[in-house]
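Here is a walk through one structure, helix by helix, with a few residues picked out along the way. Have a look at the sequence and the fold before reading on.

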Amino acid sequence: MTQTASDLSPSAQSAIADALNQCVAETAVTTMLAQNFHWNVTGMAFGPLHAMFQEIYEDHFVAQDDLAERIKALDAHADGMLAVMLKRSKVAEHDGHTDDKTMVKMLQEAQETLAATLAAAGELAAEHGDTLTEDLCIARGQTHEKFAWMLRSHLA
């Protein structure tokens, strides 16, 4: 049965919010990774990579807010501390001292991690009948898979 956020049990709200906080953490770390690479990319592919990295971090900045607002709709706390996000994230930060191909590969892997995390959160939401969270996770997962494909294409 499909339920809105307020119809979900407190335990379902908590479980879904925890999964979404994982998504927020990984999105935040990937946002900064893309922005750091945007600032520091060099080489013959500077122009297109600089623009792509900006497209990624701008998309992800909005996504963080969308995910956090869904957490709040579930009557839960959105973790907003960077230290917590870094500790929780399966995506690691980087200092930006690397070549353009490594940057592309790292961002591709981050996008794939995000897509998988969002797919798992969406499945959890579906198990509880939370189609609105499931839909958000599906849409975000599709975006991350598209970014992964675009990045992978630079390495072909």
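## Glutamine 111, tucked inside

In this predicted model, glutamine 111 has a relative accessibility of 0%, and since anything under 20% counts as buried, that is what we call it. You'll find glutamine 111 in helix H4.

Which residues does glutamine 111 touch, leaving aside neighbours within four places in sequence? The contacts are Thr30, Ile56, His60, His144, Phe147, Ala148 and Leu151. Several of those names come back below: Ile56 and His60 are among the buried residues of H2, while His144, Phe147, Ala148 and Leu151 are among the buried residues of H5.

## H2 against H5

Start with the geometry, which for two packed helices comes down to the angle between their axes and the distance between the axes. For helix H2 (residues 46-73) and helix H5 (residues 131-155), the angle is about 165° and the axes are 12 Å apart. An angle over 145 degrees counts as roughly antiparallel, so that is how H2 runs relative to H5. As for handedness, H2 passes H5 in a left-handed crossing.

Who makes the contact? From H2 come Leu49, Met52, Phe53, Glu55, Ile56, Asp59, His60, Ala63, Asp66, Leu67 and Arg70. H5 brings Leu132, Thr133, Leu136, Arg140, Thr143, His144, Phe147, Met150, Leu151 and His154. Sorted by class, the contact of H2 with H5 has eleven nonpolar residues, plus five polar and five charged ones.

## The two helices one at a time

H2 has 28 residues, so at 1.5 Å a residue it should span 40 Å; the end C-alpha atoms sit 41 Å apart, which agrees. The buried residues of H2 are Leu49, Met52, Phe53, Ile56, Tyr57, His60, Ala63, Gln64, Leu67, Ala68, Arg70 and Ile71. What covers them includes H1, H4 and H5.

H5 passes the length check too: its 25 residues should span 36 Å, and its end C-alpha atoms are 36 Å apart. Buried in H5 are Thr133, Leu136, Cys137, Arg140, Gly141, His144, Phe147, Ala148 and Leu151. These residues pack against helix H1 (10-40), H2 and helix H4 (100-127).

## H1 against H2

How do H1 and H2 meet? Their axes come within 8 Å and cross at roughly 160°, and the two helices are therefore roughly antiparallel to each other. The crossing of H1 and H2 is left-handed. Here the class count is 15 nonpolar, ten polar and one charged.

Phenylalanine 37 lies in helix H1. Is phenylalanine 37 buried or exposed? It is buried, because its relative accessible area is 0%. Not counting residues up to four places away in sequence, phenylalanine 37 touches Phe53, His94, Gly96, Met103, Met106 and Leu107. Along the chain, phenylalanine 37 and histidine 50 are 13 residues apart, and their C-alpha atoms are separated by 7.8 Å.

For a sense of the fold, take glycine 96 and tryptophan 39: they are 57 residues apart in sequence but 8.3 Å apart in space, C-alpha to C-alpha.

Where is aspartate 75? The answer is the loop between H2 and helix H3 (82-88). Phi of aspartate 75 is near 60°, which is a positive value in a residue other than glycine. Its relative accessibility is 68%, and with the cut-off for exposed set at over 50%, aspartate 75 counts as exposed.

Serine 9 is placed in the segment before H1. At a relative accessible area of 33%, serine 9 is partly exposed. Serine 9 and asparagine 36 are 27 residues apart in sequence, and their C-alpha atoms are 40 Å apart in space.

Notes
Residues numbered from 1 in each chain as written. Predicted model: local features only at pLDDT ≥ 70, side-chain atom pairs only at ≥ 80, totals over all residues. Heavy atoms only, no water. Axes fitted to C-alpha atoms, helices over the stretch in contact; angles between N-to-C directions. Helix = DSSP H or I, 4+ residues; strand = E, 2+ residues; numbered from the N terminus. Parallel < 35°, antiparallel > 145°, perpendicular 65-115°, else oblique. Left-handed = near helix turned anticlockwise from the far one by under 90°. Contact = heavy atoms within 4.5 Å. Nonpolar A, V, L, I, M, F, W, Y, C, P; charged D, E, K, R; others polar. Expected span 1.5 Å × (residues − 1). Buried < 20%, exposed > 50% of the residue type's maximum accessible area, 1.4 Å probe, protein only.
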